[in-house]
Amino acid sequence: MAIDTVIAGGTLVTSQNTLAADLAIDNGTIVGIGDEYTMPDAEETVDASGLLVMPGVIDPHVHIDDHVSLDTYETATSAAALGGVTTLIDFAWQSYVSEDSPWEEERSLHDGVERKRENSTEALIDFGLHGGILREDPDLFDELANLVDAGITSFKMYTTYEFGLSNGFIREVFERLRDLDAVGVAHTEDDSVCESLIAKFRAAGRTDPTWLPAARPDYAEAMAADDIARLAQETGTKYYGIHTSCRKAAEALARYQDDGSLIRGETCTHYTTLTGEVYRKLGTLPKIAPPIRTGDDNDAMFEYLRDGTLSVVSTDHVAQTRERKENSEWWEDPFGANGLQTSLPVFHDEAVNERGSSYPFLVRVLCANPAQTFGLPNKGTLEPGTDADIVLFDPNETYTISARDNASVADYTIYEGREVTGKVTRTYLRGELVATDGEVVGKPGYGEFVRRERPVWGED
């Protein structure tokens with residue numbers, strides 16, 4: 001009996017090497033790797049000549065359908081499919097009530113998880129969830145064990161904004177996560193430093209968006225990164241520092257990475273490819289926290305990705321509209337920028353074409369490492385027996401990025417007009433074609449909620 005699909009003639013890219021080989025897929029699973037003489041008969045043979053055959057990208061840092069992002073699951077996962085992303089991890093929020101809160105009543109973290117899981121009817125790709133802790137509620141501790149058992153094995157906290165948590169409460173959460181063998185995640189900026197600088201600049205009439213990096217400086221990020229990494233080390237908790245933007249914050253994480261077993265970190269595509277000059281060009285559209293910084297910080301992100309201090313590249317995808325972004329000051333909401341559709345080609349162009357990184361490096365930081373870090377053993381790999389989440393990528397096609405192509409509700413891109421070489425041609429999720437040649441062909445509801453395992457971190 002014939003299997004479903006053979007992808008033939010391409011160059012397979014794993015986290016360790018590249019090889020000219022064919023790939024066999026059946027019932028949503030990779031079932032074999034070999035040459036044309038060892039491949040079984042297939043219902044469909046896909047010619048991948050001249051293309052790279054990579055695992056689907058895993059983006060572990062995405063905001064969809066919530067108080068910071070306007071995308072629905074259908075629009076966000078359509079953008080993801082076009083960008084070669086086959087699994088993402090979104091945030092399920094514990095609501096809080098304040099003057100600026102979008103919620104009218106406090107609800108449990110469990111309620112936030114259930115609300116987000118309902119989006120599976122719209123999802124074109126697979127998704128997991130981080131728990132998002134936004135208030136210091138002792139009832140939270142009664143929820144965590146059940147949530148971890150349900151596949152929510154990582155939990156995010158903030159040190160800044162109105163929903164920032166105290167170090168004391170974060171310590172309590174870390175101790176509970178340690179006992180549950182789960183992962184702590186934190187947005188780290190020192191709130192008092194940032195707020196005092198914002199007040200100073202506003203009083204001086206410095207309304208130009210170019211002041212954003214100075215108002216949320218690298219040392220404020222590094223101060224909080226140091227605090228939280230130390231708390232994780234002292235409590236013996238697995239900790240993942242998100243959206244590291246600068247050399248000083250990466251240095252802070254590195255100080256606590258004695259053996260690689262407890263402290264990990266990520267950066268984002270925009271922190272490896274853009275500088276503060278983007279605020280001069282695009283105004284408030286690239287308003288992100290932490291902000292986009294300097295060329296030296298771009299260099300540092302690659303230095304720390306190569307030595308393992310940082311091990312993942314994500315997008316921190318947030319969908320907003322030009323109208324909402326341009327009608328707010330640089331110190332006001334909404335923050336964030338969309339990136340799911342463009343991250344792979346933009347990062348590939350910078351990492352491989354401009355900086356000489358290898359294709360296995362690309363697969364490690366975009367696919368294999370996020371899978372291993374967040375308990376997704378069937379993702380981020382081309383190993384037989386795992387999910388057939390596959391990207392066909394043309395490393396030689398050059399094109400110009402434009403917001404006109406966005407599947408996200410965001411009507412702008414911070415990469416507008418950027419010419420890149422390297423383009424996603426096909427994306428498969430569990431063996432099914434979900435995007436091809438810039439067109440979404442997958443169906444809403446094929447994507448599934450993925451229950452994540454408790455991740456095993458070690459010296460690997």
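1. On residue classes: Ala, Val, Leu, Ile, Met, Phe, Trp, Tyr, Cys and Pro count as nonpolar, Asp, Glu, Lys and Arg as charged, and the others, Gly among them, as polar. By that scheme, the lining of the largest pocket divides into 13 nonpolar, 7 polar and 10 charged residues.

2. On the model: this is a predicted model, in which local features need pLDDT of at least 70 and side-chain atom pairs count only at pLDDT 80 or more, while totals for chains, interfaces and linings use all residues. Residues are numbered from 1 along each chain as its sequence is written, and side-chain values use heavy atoms, with hydrogens and water left out.

3. The largest pocket has a volume of about 720 Å³. A pocket here is an open set of points on a 1 Å grid over the protein atoms alone, where a 1.4 Å probe fits, with protein on both sides within 12 Å along at least five of seven lines; lining residues have an atom within 4 Å of a point. Volume is the space filled by probe spheres set on the points, and grid points are joined across faces, edges and corners. The lining counts 30 residues. Tyr161, Phe163, Glu332, Asp333 and Phe335 lie nearest the centre.

4. Which element gives the most to that lining? Helix 5 does, with 3 residues. Strand 11 (154–158) and helix 5 each supply at least two. Helices (H or I, at least four residues) and strands (E, at least two) are DSSP runs, numbered from the N terminus.

5. Helix 5 spans residues 191–203, 13 residues in all. From first C-alpha to last it reaches 18 Å, close to the 18 Å expected at 1.5 Å a residue. The expected span is 1.5 Å times one less than the number of residues. Gly205 follows helix 5, with a positive phi near 75°.

6. An α-helix has 3.6 residues a turn, so residues three or four places apart point the same way. Buried means under 20% relative accessible area, exposed over 50%, partly exposed in between (1.4 Å probe, protein chains only).

7. Thr244 is in the loop between strand 13 (238–241) and helix 8 (247–254). Thr244 is buried, at 3% relative accessible area. Beyond four places in sequence, its contacts (heavy atoms within 4.5 Å) include Glu221, Glu266, Cys268, Tyr271, Met301 and Leu310.

8. Is Asp387 buried or exposed? Asp387 counts as buried because its relative accessible area is 17%. Asp387 lies in the loop between helix 14 (359–373) and strand 16 (390–400). Among its contacts beyond four places in sequence are Gly28, Ile30, Lys379 and Arg430.

9. Thr75 lies in helix 1 (residues 73–82). At 18% relative accessibility, Thr75 is buried. Thr75 and Ala407 are 332 residues apart in sequence, yet 5.9 Å apart C-alpha to C-alpha. Leaving out residues up to four places away, Thr75 touches Ala407, Ser408 and Val409.

10. Ile33 is in strand 5 (residues 29–34). Ile33 is partly exposed, at 37% relative accessibility. Outside four places in sequence, Ile33 touches residues including Leu12, Leu19, Met39, Leu382 and Pro384.
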